[in-house]
Amino acid sequence: MKLAVIGTGYVGLVTGTCFAETGNQVVCVDIDERKVEKLNNGIIPIYEPGLDVLFNRNTAEGRLKFTTNLAEGIEGAEVIFLALPTPPGEDGSADLKYILKVSDDLGPLLKQYAVIVDKSTVPVGTAEKVWLHISRGAKIDFDVVSNPEFLREGVAVDDFMKPDRVVIGTRSDKAKAVLNKLYAPLVRQGNPVIFMDERSAEMTKYAANAFLAVKISFMNEIANLCEKAGANVDDIRRGIGTDSRIGKRFLFAGIGYGGSCFPKDVQALAKTAQEYDYDFKILKSVMDVNTRQKSKLLPIIKNHFDGDLKGKTIAVWGLAFKPYTDDIREAPALENIRALLNEGAKVTVYDPEAMDNVRNVLGNQINYAHTSYAALDDADALVIMTEWPLFRTPDFGKMNLLLKNKLIFDGRNVYELDQMKEVGYTYYSIGRETVTPEVTQNA
């Protein structure tokens with residue numbers, strides 16, 4: 001099939017590349033001339049494991065192309081995906097200006113029947129708005145469908161090629177037939193394509209992300225209670241995660257969620273509830289818990305140093321909001337680094353992928369180390385913000401030679417308590433007892 005994907009952000013680029021991998025002819029459209037030029041030169045603007053292999057193969061074989069020309073990009077396309085940003089407005093609602101602008105532009109350009117697919121995360125009722133904006137200029141028949149993405153950054157290629165389910169919101173039999181054909185190669189193992197109306201599909205995406213955010217915030221509240229009650233949140237996680245009604249995923253305590261989806265989508269769903277005069281109390285609590293959790297470590301760090309961080313050098317491992325991505329949107333690390341700087345501390349950071357993005361935000365306010373160990377040189381303490389696998393099995397002997405103090409503040413519970421006792425570190429984590437060695441290190 002011939003496809004067009006409008007928008008080459010995270011969702012658009014993964015969508016276009018993966019559909020090209022299943023044999024489709026895909027043209028991706030973006031107004032950013034520099035980005036399109038880079039893509040045409042084989043430069044991928046995001047880090048996503050496995051994407052480069054598919055990108056290089058499909059561009060080399062001519063199935064994946066890029067342009068800034070909308071008319072050229074959609075020419076002959078049977079399906080046109082709208083993968084455009086929906087940033088939160090000042091009131092928390094999703095801003096649809098990019099989607100509606102493209103919808104206005106699309107109408108006069110359509111020369112044959114096409115299925116227009118909302119791939120972006122959009123509020124309930126957006127498909128109707130898109131249809132109205134396209135119809136003002138269209139002279140041929142078309143359908144607008146909601147097809148939300150459920151990609152996890154870091155494993156997005158696998159999620160796309162082997163989806164748990166595909167949700168499609170449409171009441172058009174013609175559109176159903178087209179999308180069934182398109183998704184057939186991806187659901188051969190029997191994972192369902194679930195058809196529903198457009199509004200239900202739009203709500204499904206928000207409901208899924210909000211529910212996962214609820215699980216995360218619930219476990220963080222349990223962790224905070226564990227610290228007061230003398231319980232271990234990791235044991236509790238294992239105890240409840242083996243219950244099939246609850247499941248093992250999204251039960252890890254830490255310093256809150258971030259990224260491009262959860263914060264924005266929870267906020268947008270709460271705004272939708274407000275528009276329909278419904279008091280969605282759980283969502284309000286989730287947002288409040290997450291805001292507080294992000295800054296949970298700072299008072300612990302200050303307390304350890306008797307309230308004075310001036311002149312202290314703090315090493316930070318991890319900047320991205322999660323491992324296997326360079327995405328720093330709403331990342332807890334940024335908030336904590338700014339707070340440390342405000343307290344007069346010096347900060348040296350290391351992340352395998354996200355340092356360039358942080359440099360674009362914080363510039364030379366902080367130091368950037370070329371390795372995880374280099375970040376520790378002459379530091380008073382290590383703070384862990386992202387659970388990259390390479391942080392899990394460090395050489396503690398080497399760390400001991402670099403750090404001034406054997407002191408770790410772990411926002412992701414990377415290490416086991418017994419391990420920290422064995423290596424003689426003072427170790428603060430989330431929802432677990434503080435480890436203090438028998439011989440106290442000088443702060």
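**Ground rules**

I am working from a predicted model, where local features need pLDDT of at least 70, side-chain atom pairs count only at pLDDT 80 or more, and totals for chains, interfaces and linings use all residues. Residues are numbered from 1 along each chain as its sequence is written, and side-chain values use heavy atoms, with hydrogens and water left out.

My helices (H or I, at least four residues) and strands (E, at least two) are DSSP runs, numbered from the N terminus. I call a residue buried under 20% relative accessible area, exposed over 50%, and partly exposed in between, using a 1.4 Å probe and protein chains only.

**Entry 1: strand S1**

I started at S1, where four of the five residues are buried, so the strand is largely enclosed by the rest of the structure. Next I looked up its neighbours; two strands pair if DSSP finds at least two bridges between them. S1 pairs with strand S2 (residues 25-29) in the parallel sense over five bridges. Leu3 has Val26 as its bridge partner in S2. I followed the chain from S1 through H1 to S2 and found a right-handed β-α-β crossover. By that I mean that, with the strands pointing away from the viewer, the path from the first strand over the helix to the second runs clockwise. S1 also pairs with S4, again in the parallel sense, over four bridges. There, Ile6 has Leu82 as its bridge partner.

**Entry 2: helix H8**

Which residues of H8 are buried? For this helix (residues 173-183) I noted Ala175, Val178, Leu179, Leu182 and Tyr183. Looking down the axis of H8, I see these buried residues within an arc of 120°, so they line one face of the helix. The arc is that of the directions from the helix axis to the C-beta atoms. Asp173 and Lys181, on the other side of H8, are exposed.

My list has strands S1 (2-6), S4 (79-82), S5 (114-118), S6 (142-146) and S7 (166-169), plus helix H1 (10-21).

**Entry 3: strand S9 and its sheet**

Is S9 (residues 313-317) mostly covered or mostly open? Mostly covered: five of its five residues are buried. As a reminder to myself, in a regular strand the side chains alternate between the two faces of the sheet. In S9 both faces are covered, with Thr313, Ala315 and Trp317 on one side and Ile314 and Val316 on the other.

S9 pairs with S10 (residues 346-350) in the parallel sense over five bridges, and Trp317 has Tyr350 as its bridge partner in S10. The chain gets from S9 to S10 through helix H14 (residues 332-342), in a right-handed β-α-β crossover. S9 also pairs in the parallel sense with S12 (residues 381-384), over four bridges. In S12, Ala315 has Leu382 as its bridge partner, and Trp317 stands opposite Ile384.

Zooming out, I get an open sheet of six strands in the order S11-S10-S9-S12-S13-S14, with parallel pairing. S11 (367-368) and S14 (426-428) are the edge strands, each pairing on one side only. Helix H13 (residues 297-304) packs on this sheet and touches S12, S13 (407-410) and S14. The direction of H13 makes about 160° with that of S13; axes are lines fitted to C-alpha atoms, for helices over the stretch in contact, and angles run from 0 to 180 degrees between N-to-C directions.

**Entry 4: positive phi**

Phe250 has a positive phi of about 65°. I found Phe250 in the loop between H10 (233-241) and H11 (262-275), partly exposed at 24% relative accessible area. Glu330 has a positive phi of about 60°. Its place is the loop between S9 and H14, and Glu330 is partly exposed at 46%.

**Entry 5: cysteines**

How many disulfides does the structure hold? Zero, taking a disulfide as a pair of cysteine sulfur atoms within 2.5 Å. The sulfur of Cys18 has its closest cysteine sulfur in Cys28, 11 Å away, which is too far for a bond. Cys18 is buried at 0% relative accessibility, and Cys28 is buried with a relative accessible area of 0%.

Methods. Contact = heavy atoms within 4.5 Å.
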